[in-house]
Amino acid sequence: MKNILIRSGISPLDTFDPAYMLIKNSIGGNVGNLIYAYSVYRTLMTENTNIVPDYYRINEQDADKINKTYDYYIIPLADAFRQNFIPHLRKYTKLIKKLTIPVIVIGVGLRAPFEPKLGEGFPFDKDVIAFVNAVLDKSAMIGVRGEITAQYLNRLGFREEIDHTVIGCPSMYTFGKALEIRNTNITKDSLICFNSSMLSPKNVLDFITRGMKEFPNHYFIPQWLKEMKLVFSGTPSLNEKADNYPAKMSHPVYANNRVRFFLNAATWIDFMRRIDLSFGARLHGNVTATIAGTPSIIIPKDARMRELAEHHNLTRVWWNDITEDTFLEDIIEKSDFKAPEKVQTRNFEHFIKFLNKNNLSHIYNEQQVSDVVPLEEKISKLELQPPLTPVTGCNNSDLLLRLQKIQQLLEKENSEKANKIKGIKRNKDKTIKEIKMEEDERRLIIEKKFRKKEGILQKELMKKEETIKRLRGILNRKSVRLTLATTNKLKFK
(Lines give C-alpha, C1' and ligand atoms only; values in the text may rest on other atoms or scores of the structure.)
Protein backbone atom coordinates (compact mmCIF):
# COMPACT_ATOMS: atom_id res chain seq x y z
CA MET A 1 0.00 0.00 0.00
CA LYS A 2 1.39 3.37 -1.07
CA ASN A 3 0.77 6.33 1.25
CA ILE A 4 0.51 9.76 -0.33
CA LEU A 5 0.43 13.09 1.49
CA ILE A 6 -1.33 15.74 -0.57
CA ARG A 7 -1.70 19.48 -0.24
CA SER A 8 -5.39 20.20 0.31
CA GLY A 9 -7.58 21.79 2.95
CA ILE A 10 -10.11 19.00 2.82
CA SER A 11 -10.37 15.51 1.33
CA PRO A 12 -13.25 14.61 -1.01
CA LEU A 13 -14.03 11.98 1.63
CA ASP A 14 -14.34 14.53 4.45
CA THR A 15 -17.86 15.64 5.32
CA PHE A 16 -17.07 18.57 7.58
CA ASP A 17 -19.84 20.75 8.90
CA PRO A 18 -20.05 24.05 6.94
CA ALA A 19 -19.45 26.09 10.10
CA TYR A 20 -16.28 24.08 10.75
CA MET A 21 -15.13 24.62 7.16
CA LEU A 22 -15.76 28.33 7.52
CA ILE A 23 -13.80 28.66 10.75
CA LYS A 24 -10.91 26.46 9.56
CA ASN A 25 -10.93 27.86 6.00
CA SER A 26 -10.96 24.37 4.54
CA ILE A 27 -11.41 25.82 1.04
CA GLY A 28 -8.14 27.76 1.13
CA GLY A 29 -9.89 31.07 0.58
CA ASN A 30 -11.62 29.95 -2.63
CA VAL A 31 -13.85 26.92 -3.12
CA GLY A 32 -12.44 26.55 -6.64
CA ASN A 33 -9.44 24.87 -4.97
CA LEU A 34 -11.63 21.84 -4.28
CA ILE A 35 -12.12 21.16 -7.99
CA TYR A 36 -8.52 20.60 -9.08
CA ALA A 37 -7.71 18.81 -5.82
CA TYR A 38 -10.67 16.47 -6.45
CA SER A 39 -9.26 15.61 -9.85
CA VAL A 40 -5.84 14.74 -8.43
CA TYR A 41 -7.40 12.58 -5.69
CA ARG A 42 -9.58 10.78 -8.25
CA THR A 43 -6.67 10.16 -10.62
CA LEU A 44 -4.10 8.97 -8.07
CA MET A 45 -6.33 7.01 -5.68
CA THR A 46 -5.86 3.44 -6.85
CA GLU A 47 -6.89 0.33 -4.93
CA ASN A 48 -3.34 0.19 -3.55
CA THR A 49 -3.03 3.87 -2.65
CA ASN A 50 -4.00 5.76 0.46
CA ILE A 51 -4.16 9.55 0.13
CA VAL A 52 -4.09 11.83 3.18
CA PRO A 53 -4.62 15.63 3.10
CA ASP A 54 -2.11 17.87 4.87
CA TYR A 55 -4.87 20.40 5.65
CA TYR A 56 -2.57 23.15 4.41
CA ARG A 57 -0.04 22.58 7.18
CA ILE A 58 3.52 23.60 6.24
CA ASN A 59 6.14 23.00 8.91
CA GLU A 60 9.71 21.92 8.31
CA GLN A 61 9.67 20.23 11.72
CA ASP A 62 7.28 17.64 10.22
CA ALA A 63 9.95 16.41 7.79
CA ASP A 64 11.03 13.34 9.78
CA LYS A 65 7.44 12.22 10.34
CA ILE A 66 6.56 12.73 6.66
CA ASN A 67 9.64 10.79 5.54
CA LYS A 68 8.71 7.85 7.79
CA THR A 69 4.96 7.83 7.03
CA TYR A 70 4.56 8.63 3.32
CA ASP A 71 5.92 7.48 -0.02
CA TYR A 72 5.08 10.69 -1.94
CA TYR A 73 4.20 14.29 -1.22
CA ILE A 74 1.89 15.65 -3.94
CA ILE A 75 1.51 19.43 -4.17
CA PRO A 76 -1.23 20.68 -6.52
CA LEU A 77 -0.97 24.47 -6.79
CA ALA A 78 -2.83 27.25 -8.56
CA ASP A 79 -1.20 30.67 -9.15
CA ALA A 80 1.35 30.18 -6.36
CA PHE A 81 3.97 32.36 -8.04
CA ARG A 82 2.54 35.58 -6.59
CA GLN A 83 3.68 38.04 -3.96
CA ASN A 84 1.20 37.22 -1.18
CA PHE A 85 1.93 33.48 -1.44
CA ILE A 86 5.70 33.86 -1.13
CA PRO A 87 5.77 33.31 2.68
CA HIS A 88 4.11 29.92 2.07
CA LEU A 89 6.44 29.16 -0.84
CA ARG A 90 9.45 29.79 1.43
CA LYS A 91 8.04 27.43 4.04
CA TYR A 92 7.55 24.77 1.37
CA THR A 93 11.13 25.24 0.22
CA LYS A 94 12.48 24.69 3.74
CA LEU A 95 10.28 21.63 4.25
CA ILE A 96 11.03 20.06 0.86
CA LYS A 97 14.78 20.39 1.38
CA LYS A 98 14.47 18.19 4.47
CA LEU A 99 12.35 15.53 2.77
CA THR A 100 13.81 12.32 1.36
CA ILE A 101 10.64 11.15 -0.44
CA PRO A 102 9.58 12.28 -3.94
CA VAL A 103 7.79 15.66 -4.04
CA ILE A 104 5.63 16.23 -7.13
CA VAL A 105 4.16 19.61 -8.06
CA ILE A 106 1.08 19.00 -10.21
CA GLY A 107 0.15 22.35 -11.67
CA VAL A 108 1.57 25.73 -10.69
CA GLY A 109 1.17 29.11 -12.31
CA LEU A 110 2.24 32.73 -12.36
CA ARG A 111 -0.06 35.54 -11.33
CA ALA A 112 0.49 38.49 -13.65
CA PRO A 113 -1.45 41.05 -15.70
CA PHE A 114 -3.24 39.96 -18.87
CA GLU A 115 -0.23 41.15 -20.91
CA PRO A 116 2.66 40.21 -18.60
CA LYS A 117 6.05 41.87 -18.96
CA LEU A 118 8.14 38.81 -18.20
CA GLY A 119 11.38 40.49 -19.20
CA GLU A 120 11.12 42.94 -16.30
CA GLY A 121 11.10 40.16 -13.73
CA PHE A 122 9.20 39.98 -10.44
CA PRO A 123 10.18 40.72 -6.83
CA PHE A 124 9.79 37.04 -5.94
CA ASP A 125 12.03 35.58 -8.68
CA LYS A 126 14.69 34.33 -6.23
CA ASP A 127 12.06 32.63 -4.08
CA VAL A 128 10.60 30.87 -7.11
CA ILE A 129 14.07 29.71 -8.18
CA ALA A 130 14.74 28.30 -4.70
CA PHE A 131 11.37 26.53 -4.61
CA VAL A 132 11.68 25.01 -8.10
CA ASN A 133 15.23 23.81 -7.41
CA ALA A 134 14.10 22.19 -4.16
CA VAL A 135 11.26 20.37 -5.96
CA LEU A 136 13.47 19.26 -8.86
CA ASP A 137 15.84 17.65 -6.36
CA LYS A 138 12.92 15.42 -5.36
CA SER A 139 11.15 14.85 -8.71
CA ALA A 140 11.76 14.44 -12.42
CA MET A 141 9.76 17.42 -13.64
CA ILE A 142 7.33 20.14 -12.55
CA GLY A 143 3.91 20.55 -14.17
CA VAL A 144 2.97 24.17 -14.94
CA ARG A 145 -0.45 25.55 -15.85
CA GLY A 146 0.30 27.24 -19.16
CA GLU A 147 2.69 28.78 -21.67
CA ILE A 148 3.05 32.07 -19.80
CA THR A 149 4.32 30.28 -16.69
CA ALA A 150 6.58 28.12 -18.87
CA GLN A 151 8.11 31.24 -20.45
CA TYR A 152 8.57 32.73 -16.99
CA LEU A 153 10.51 29.69 -15.76
CA ASN A 154 12.54 29.66 -18.98
CA ARG A 155 13.61 33.22 -18.24
CA LEU A 156 14.68 32.12 -14.74
CA GLY A 157 17.01 29.53 -16.29
CA PHE A 158 14.89 26.38 -16.16
CA ARG A 159 14.55 24.12 -19.20
CA GLU A 160 11.21 23.43 -20.82
CA GLU A 161 10.39 19.73 -21.28
CA ILE A 162 13.33 18.88 -19.01
CA ASP A 163 12.69 20.76 -15.77
CA HIS A 164 9.07 21.69 -16.44
CA THR A 165 6.24 21.04 -18.86
CA VAL A 166 2.81 22.55 -19.51
CA ILE A 167 0.03 20.30 -18.21
CA GLY A 168 -2.78 22.84 -17.85
CA CYS A 169 -5.11 22.48 -14.87
CA PRO A 170 -5.64 18.95 -13.51
CA SER A 171 -9.33 19.77 -13.02
CA MET A 172 -9.85 19.40 -16.77
CA TYR A 173 -8.81 15.72 -16.49
CA THR A 174 -11.22 14.87 -13.68
CA PHE A 175 -12.96 12.28 -15.87
CA GLY A 176 -9.99 11.40 -18.05
CA LYS A 177 -9.76 12.13 -21.74
CA ALA A 178 -13.52 11.87 -22.22
CA LEU A 179 -15.07 15.32 -22.64
CA GLU A 180 -18.39 15.78 -24.33
CA ILE A 181 -20.14 19.15 -24.21
CA ARG A 182 -23.83 18.54 -24.76
CA ASN A 183 -25.86 20.46 -27.31
CA THR A 184 -28.20 22.92 -25.61
CA ASN A 185 -30.74 25.28 -27.10
CA ILE A 186 -30.28 28.34 -24.92
CA THR A 187 -33.30 30.64 -24.68
CA LYS A 188 -34.42 33.41 -22.36
CA ASP A 189 -35.99 30.75 -20.14
CA SER A 190 -32.84 28.60 -19.91
CA LEU A 191 -31.32 27.93 -16.48
CA ILE A 192 -27.97 29.70 -16.27
CA CYS A 193 -25.31 29.80 -13.55
CA PHE A 194 -23.43 33.07 -13.25
CA ASN A 195 -20.11 33.55 -11.50
CA SER A 196 -18.08 36.69 -11.01
CA SER A 197 -15.12 38.25 -9.23
CA MET A 198 -14.98 41.68 -7.62
CA LEU A 199 -11.41 41.92 -8.92
CA SER A 200 -12.68 42.05 -12.49
CA PRO A 201 -12.60 45.34 -14.44
CA LYS A 202 -15.75 47.45 -14.36
CA ASN A 203 -16.67 46.64 -17.97
CA VAL A 204 -16.67 42.93 -17.10
CA LEU A 205 -18.75 43.37 -13.96
CA ASP A 206 -21.25 45.52 -15.86
CA PHE A 207 -21.43 42.91 -18.65
CA ILE A 208 -22.16 40.08 -16.20
CA THR A 209 -24.81 42.21 -14.52
CA ARG A 210 -26.47 42.84 -17.91
CA GLY A 211 -26.38 39.11 -18.58
CA MET A 212 -28.20 38.36 -15.33
CA LYS A 213 -30.97 40.74 -16.43
CA GLU A 214 -31.08 39.19 -19.92
CA PHE A 215 -31.55 35.69 -18.49
CA PRO A 216 -33.63 36.00 -15.29
CA ASN A 217 -33.79 32.24 -14.62
CA HIS A 218 -30.38 31.97 -13.01
CA TYR A 219 -28.30 31.09 -9.98
CA PHE A 220 -25.25 32.92 -8.70
CA ILE A 221 -22.31 30.69 -7.67
CA PRO A 222 -19.89 32.55 -5.34
CA GLN A 223 -16.46 31.16 -4.49
CA TRP A 224 -14.70 33.38 -1.93
CA LEU A 225 -14.45 32.55 1.77
CA LYS A 226 -15.96 35.96 2.55
CA GLU A 227 -18.91 35.05 0.36
CA MET A 228 -19.28 31.75 2.18
CA LYS A 229 -19.62 33.72 5.41
CA LEU A 230 -22.18 36.03 3.79
CA VAL A 231 -24.24 33.06 2.55
CA PHE A 232 -23.98 31.28 5.90
CA SER A 233 -24.77 34.15 8.26
CA GLY A 234 -26.07 37.00 6.12
CA THR A 235 -23.27 39.30 7.18
CA PRO A 236 -21.00 41.17 6.65
CA SER A 237 -21.55 42.67 3.23
CA LEU A 238 -18.59 42.64 0.87
CA ASN A 239 -19.34 46.13 -0.36
CA GLU A 240 -22.48 48.07 0.57
CA LYS A 241 -22.11 50.41 -2.39
CA ALA A 242 -21.58 47.76 -5.10
CA ASP A 243 -24.22 47.96 -7.83
CA ASN A 244 -22.69 45.53 -10.32
CA TYR A 245 -21.86 42.60 -8.01
CA PRO A 246 -23.91 40.46 -5.58
CA ALA A 247 -22.11 41.76 -2.48
CA LYS A 248 -24.94 42.08 0.06
CA MET A 249 -28.12 40.42 1.25
CA SER A 250 -30.31 43.03 -0.45
CA HIS A 251 -29.11 41.93 -3.90
CA PRO A 252 -31.87 40.05 -5.80
CA VAL A 253 -29.93 36.75 -5.98
CA TYR A 254 -29.69 36.66 -2.17
CA ALA A 255 -33.14 38.07 -1.54
CA ASN A 256 -34.69 35.47 -3.87
CA ASN A 257 -32.62 32.52 -2.59
CA ARG A 258 -30.81 32.08 -5.93
CA VAL A 259 -27.31 31.61 -4.49
CA ARG A 260 -25.55 28.28 -3.96
CA PHE A 261 -22.20 27.86 -2.25
CA PHE A 262 -20.80 24.35 -2.77
CA LEU A 263 -18.87 22.54 -0.05
CA ASN A 264 -17.47 19.69 -2.15
CA ALA A 265 -16.61 19.02 -5.77
CA ALA A 266 -19.00 16.10 -6.30
CA THR A 267 -22.22 18.03 -5.55
CA TRP A 268 -20.94 21.03 -7.50
CA ILE A 269 -20.29 18.96 -10.62
CA ASP A 270 -23.65 17.22 -10.26
CA PHE A 271 -25.47 20.56 -10.03
CA MET A 272 -23.71 21.81 -13.16
CA ARG A 273 -24.97 18.81 -15.11
CA ARG A 274 -28.53 20.08 -14.61
CA ILE A 275 -28.14 23.62 -15.97
CA ASP A 276 -28.05 24.95 -19.53
CA LEU A 277 -25.09 27.34 -19.41
CA SER A 278 -22.36 28.59 -17.09
CA PHE A 279 -21.03 32.09 -17.63
CA GLY A 280 -18.69 34.47 -15.85
CA ALA A 281 -15.23 35.52 -14.70
CA ARG A 282 -14.37 32.54 -12.51
CA LEU A 283 -12.00 29.90 -13.85
CA HIS A 284 -13.15 26.89 -11.88
CA GLY A 285 -16.74 28.04 -11.83
CA ASN A 286 -16.74 27.47 -15.59
CA VAL A 287 -14.32 24.54 -15.67
CA THR A 288 -16.70 22.69 -13.34
CA ALA A 289 -19.47 23.15 -15.90
CA THR A 290 -17.16 22.09 -18.75
CA ILE A 291 -16.13 18.77 -17.18
CA ALA A 292 -19.80 18.19 -16.35
CA GLY A 293 -20.57 18.44 -20.08
CA THR A 294 -22.36 21.79 -19.81
CA PRO A 295 -21.67 24.71 -22.20
CA SER A 296 -19.74 27.53 -20.57
CA ILE A 297 -18.25 30.91 -21.42
CA ILE A 298 -15.35 32.30 -19.42
CA ILE A 299 -14.01 35.88 -19.31
CA PRO A 300 -10.24 35.70 -18.70
CA LYS A 301 -9.04 38.89 -17.02
CA ASP A 302 -5.38 38.12 -16.22
CA ALA A 303 -2.43 35.93 -17.26
CA ARG A 304 -3.33 33.00 -15.01
CA MET A 305 -6.80 32.66 -16.59
CA ARG A 306 -5.56 33.50 -20.06
CA GLU A 307 -2.93 30.75 -20.25
CA LEU A 308 -5.38 28.10 -19.07
CA ALA A 309 -8.15 29.28 -21.37
CA GLU A 310 -5.72 29.07 -24.30
CA HIS A 311 -4.23 25.70 -23.32
CA HIS A 312 -7.62 24.04 -22.86
CA ASN A 313 -9.28 26.02 -25.66
CA LEU A 314 -12.06 27.06 -23.30
CA THR A 315 -14.99 28.90 -24.86
CA ARG A 316 -14.23 32.51 -23.98
CA VAL A 317 -14.58 36.23 -24.54
CA TRP A 318 -11.58 38.43 -23.73
CA TRP A 319 -12.24 41.10 -21.12
CA ASN A 320 -10.82 43.89 -23.29
CA ASP A 321 -13.21 43.05 -26.14
CA ILE A 322 -16.23 43.83 -23.99
CA THR A 323 -17.96 47.18 -24.47
CA GLU A 324 -21.22 48.73 -23.32
CA ASP A 325 -22.85 47.28 -26.42
CA THR A 326 -21.79 43.69 -25.67
CA PHE A 327 -24.63 41.40 -24.65
CA LEU A 328 -24.57 37.78 -23.55
CA GLU A 329 -27.16 36.72 -26.11
CA ASP A 330 -24.86 37.88 -28.93
CA ILE A 331 -21.86 36.06 -27.41
CA ILE A 332 -23.87 32.83 -27.12
CA GLU A 333 -24.80 32.93 -30.81
CA LYS A 334 -21.13 33.27 -31.83
CA SER A 335 -19.66 30.76 -29.36
CA ASP A 336 -18.26 27.31 -30.15
CA PHE A 337 -19.11 25.36 -27.01
CA LYS A 338 -17.42 22.25 -28.40
CA ALA A 339 -14.02 23.97 -28.57
CA PRO A 340 -12.54 22.35 -25.43
CA GLU A 341 -13.20 18.88 -26.86
CA LYS A 342 -10.76 19.49 -29.71
CA VAL A 343 -7.65 19.56 -27.48
CA GLN A 344 -8.78 17.35 -24.59
CA THR A 345 -7.29 14.05 -25.76
CA ARG A 346 -3.93 15.61 -26.64
CA ASN A 347 -3.73 17.47 -23.32
CA PHE A 348 -4.80 14.46 -21.30
CA GLU A 349 -2.23 12.17 -22.92
CA HIS A 350 0.50 14.69 -22.14
CA PHE A 351 -0.72 14.89 -18.53
CA ILE A 352 -0.49 11.10 -18.18
CA LYS A 353 3.07 11.18 -19.57
CA PHE A 354 3.91 13.75 -16.90
CA LEU A 355 2.55 11.47 -14.16
CA ASN A 356 4.47 8.50 -15.59
CA LYS A 357 7.64 10.58 -15.81
CA ASN A 358 7.36 11.11 -12.05
CA ASN A 359 6.62 7.40 -11.42
CA LEU A 360 3.13 8.08 -10.07
CA SER A 361 0.57 5.28 -10.16
CA HIS A 362 -2.89 6.27 -11.42
CA ILE A 363 -6.24 4.75 -12.36
CA TYR A 364 -5.75 4.93 -16.14
CA ASN A 365 -4.47 1.93 -18.04
CA GLU A 366 -2.70 1.90 -21.39
CA GLN A 367 -5.99 2.67 -23.13
CA GLN A 368 -6.35 5.68 -20.80
CA VAL A 369 -9.74 4.48 -19.64
CA SER A 370 -10.54 3.49 -16.09
CA ASP A 371 -13.17 0.87 -15.30
CA VAL A 372 -12.63 1.13 -11.55
CA VAL A 373 -12.61 4.47 -9.72
CA PRO A 374 -11.91 3.86 -6.01
CA LEU A 375 -12.64 7.47 -5.03
CA GLU A 376 -16.13 7.39 -6.51
CA GLU A 377 -16.83 4.04 -4.86
CA LYS A 378 -15.93 5.50 -1.48
CA ILE A 379 -17.88 8.72 -2.07
CA SER A 380 -21.00 6.71 -2.99
CA LYS A 381 -21.09 5.44 0.60
CA LEU A 382 -21.02 8.95 2.11
CA GLU A 383 -23.68 11.51 2.82
CA LEU A 384 -22.10 14.63 1.33
CA GLN A 385 -22.81 18.11 2.57
CA PRO A 386 -25.37 19.87 0.34
CA PRO A 387 -24.58 23.33 -1.00
CA LEU A 388 -25.14 26.25 1.32
CA THR A 389 -28.18 28.39 0.65
CA PRO A 390 -28.42 32.00 1.85
CA VAL A 391 -30.07 32.81 5.16
CA THR A 392 -32.96 34.25 3.19
CA GLY A 393 -33.93 30.66 2.36
CA CYS A 394 -33.72 29.44 5.98
CA ASN A 395 -36.48 29.36 8.55
CA ASN A 396 -35.81 30.91 11.96
CA SER A 397 -34.82 27.63 13.62
CA ASP A 398 -32.31 26.78 10.85
CA LEU A 399 -30.81 30.25 11.05
CA LEU A 400 -30.53 29.99 14.83
CA LEU A 401 -28.78 26.60 14.51
CA ARG A 402 -26.27 28.10 12.07
CA LEU A 403 -25.43 30.97 14.38
CA GLN A 404 -25.23 28.71 17.44
CA LYS A 405 -22.93 26.29 15.63
CA ILE A 406 -20.52 28.96 14.51
CA GLN A 407 -20.59 30.56 17.95
CA GLN A 408 -19.74 27.22 19.57
CA LEU A 409 -16.88 26.64 17.15
CA LEU A 410 -15.53 30.16 17.70
CA GLU A 411 -15.66 29.72 21.47
CA LYS A 412 -13.95 26.34 21.19
CA GLU A 413 -11.25 27.73 18.91
CA ASN A 414 -10.71 30.75 21.18
CA SER A 415 -10.48 28.43 24.19
CA GLU A 416 -7.94 26.25 22.38
CA LYS A 417 -5.93 29.33 21.43
CA ALA A 418 -6.05 30.62 25.01
CA ASN A 419 -4.91 27.24 26.35
CA LYS A 420 -2.17 27.15 23.75
CA ILE A 421 -1.00 30.60 24.80
CA LYS A 422 -1.07 29.53 28.45
CA GLY A 423 0.87 26.41 27.55
CA ILE A 424 3.42 28.47 25.65
CA LYS A 425 3.72 30.82 28.63
CA ARG A 426 4.14 27.90 31.03
CA ASN A 427 6.73 26.36 28.78
CA LYS A 428 8.43 29.72 28.45
CA ASP A 429 8.53 30.21 32.23
CA LYS A 430 9.68 26.64 32.66
CA THR A 431 12.32 27.13 30.02
CA ILE A 432 13.56 30.35 31.63
CA LYS A 433 13.75 28.59 35.01
CA GLU A 434 15.58 25.65 33.47
CA ILE A 435 17.99 28.00 31.71
CA LYS A 436 18.73 29.80 34.98
CA MET A 437 19.30 26.48 36.75
CA GLU A 438 21.56 25.34 33.95
CA GLU A 439 23.47 28.62 34.12
CA ASP A 440 23.90 28.28 37.89
CA GLU A 441 25.11 24.70 37.47
CA ARG A 442 27.51 25.74 34.73
CA ARG A 443 28.77 28.61 36.89
CA LEU A 444 29.40 26.26 39.85
CA ILE A 445 31.19 23.79 37.59
CA ILE A 446 33.34 26.56 36.11
CA GLU A 447 34.13 27.97 39.58
CA LYS A 448 35.02 24.49 40.83
CA LYS A 449 37.25 23.90 37.84
CA PHE A 450 38.81 27.34 38.32
CA ARG A 451 39.49 26.72 42.03
CA LYS A 452 40.97 23.34 41.23
CA LYS A 453 43.15 24.83 38.53
CA GLU A 454 44.08 27.71 40.84
CA GLY A 455 45.17 25.24 43.51
CA ILE A 456 47.24 23.30 41.00
CA LEU A 457 48.88 26.50 39.79
CA GLN A 458 49.60 27.61 43.34
CA LYS A 459 51.26 24.27 44.11
CA GLU A 460 53.28 24.50 40.89
CA LEU A 461 54.24 28.07 41.84
CA MET A 462 55.37 26.99 45.32
CA LYS A 463 57.45 24.19 43.80
CA LYS A 464 59.02 26.62 41.38
CA GLU A 465 59.79 29.08 44.20
CA GLU A 466 61.44 26.30 46.26
CA THR A 467 63.47 25.29 43.23
CA ILE A 468 64.57 28.88 42.64
CA LYS A 469 65.50 29.24 46.33
CA ARG A 470 67.50 26.03 46.23
CA LEU A 471 69.23 27.02 43.00
CA ARG A 472 70.08 30.41 44.47
CA GLY A 473 71.65 28.70 47.50
CA ILE A 474 73.68 26.48 45.26
CA LEU A 475 74.64 29.39 43.09
CA ASN A 476 75.75 31.42 46.10
CA ARG A 477 77.88 28.58 47.35
CA LYS A 478 79.47 28.16 43.93
CA SER A 479 80.09 31.89 43.70
CA VAL A 480 81.93 31.89 47.08
CA ARG A 481 84.13 28.97 46.06
CA LEU A 482 84.92 30.60 42.75
CA THR A 483 85.87 33.86 44.43
CA LEU A 484 88.21 32.10 46.90
CA ALA A 485 89.86 30.14 44.11
CA THR A 486 90.45 33.27 42.11
CA THR A 487 91.91 35.07 45.13
CA ASN A 488 94.35 32.23 45.80
CA LYS A 489 95.59 32.28 42.24
CA LEU A 490 96.28 35.97 42.44
CA LYS A 491 98.31 35.48 45.66
CA PHE A 492 100.78 33.10 44.01
CA LYS A 493 101.34 35.57 41.22
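Mentor: First a term: buried means under 20% relative accessible area, exposed means over 50%, and partly exposed is in between, with a 1.4 Å probe and protein chains only as cover. This is a predicted model, where local features need pLDDT of at least 70, side-chain atom pairs count only at pLDDT 80 or more, and totals for chains, interfaces and linings use all residues. Residues are numbered from 1 along each chain as its sequence is written, and side-chain values use heavy atoms, with hydrogens and water left out.

Trainee: What share of the chain counts as buried?
Mentor: 50% of the 493 residues.

Trainee: And the secondary structure, what is in there?
Mentor: The chain has 16 helices and ten strands. Helices (H or I, at least four residues) and strands (E, at least two) are DSSP runs, numbered from the N terminus.

Trainee: Which box do the C-alpha atoms fill?
Mentor: Roughly 150 × 55 × 50 Å along the principal axes.

Trainee: Switching to rings. How many aromatic pairs does the structure hold?
Mentor: It holds 17. Rings of Phe, Tyr and Trp (its six-membered ring) pair if their centres lie within 6.5 Å; planes under 30 degrees apart count as stacked, over 60 as edge-to-face, and the rest as tilted.

Trainee: Why is the pair of phenylalanine 122 and phenylalanine 124 called stacked?
Mentor: Their ring centres are 5.3 Å apart and their planes sit at 15°, so the pair is stacked. Both phenylalanine 122 and phenylalanine 124 are buried. They also belong to one aromatic cluster with Phe81, Phe131 and Tyr152.

Trainee: What about tyrosine 219 and phenylalanine 271?
Mentor: That aromatic pair is edge-to-face, 5.4 Å centre to centre with 85° between the planes. Tyrosine 219 lies in strand E8 (residues 218-220) and phenylalanine 271 in helix H10 (residues 265-272), so the pair ties together parts that are 52 residues apart in sequence.

Trainee: Buried or exposed, those two?
Mentor: Tyrosine 219 is buried at 13% relative accessible area. Phenylalanine 271 is buried at 11%.

Trainee: Now the backbone. Which peptide bond is cis?
Mentor: The one from threonine 235 to proline 236, with omega near -5°. Proline 236 lies in the loop between helix H8 (225-233) and helix H9 (252-255).

Trainee: And what is the phi of tyrosine 55?
Mentor: It is positive, about 50°, although tyrosine 55 is not a glycine. Most residues other than glycine have a negative phi. Tyrosine 55 sits in the loop between strand E2 (49-53) and helix H3 (63-69). At 42% relative accessibility, tyrosine 55 counts as partly exposed.
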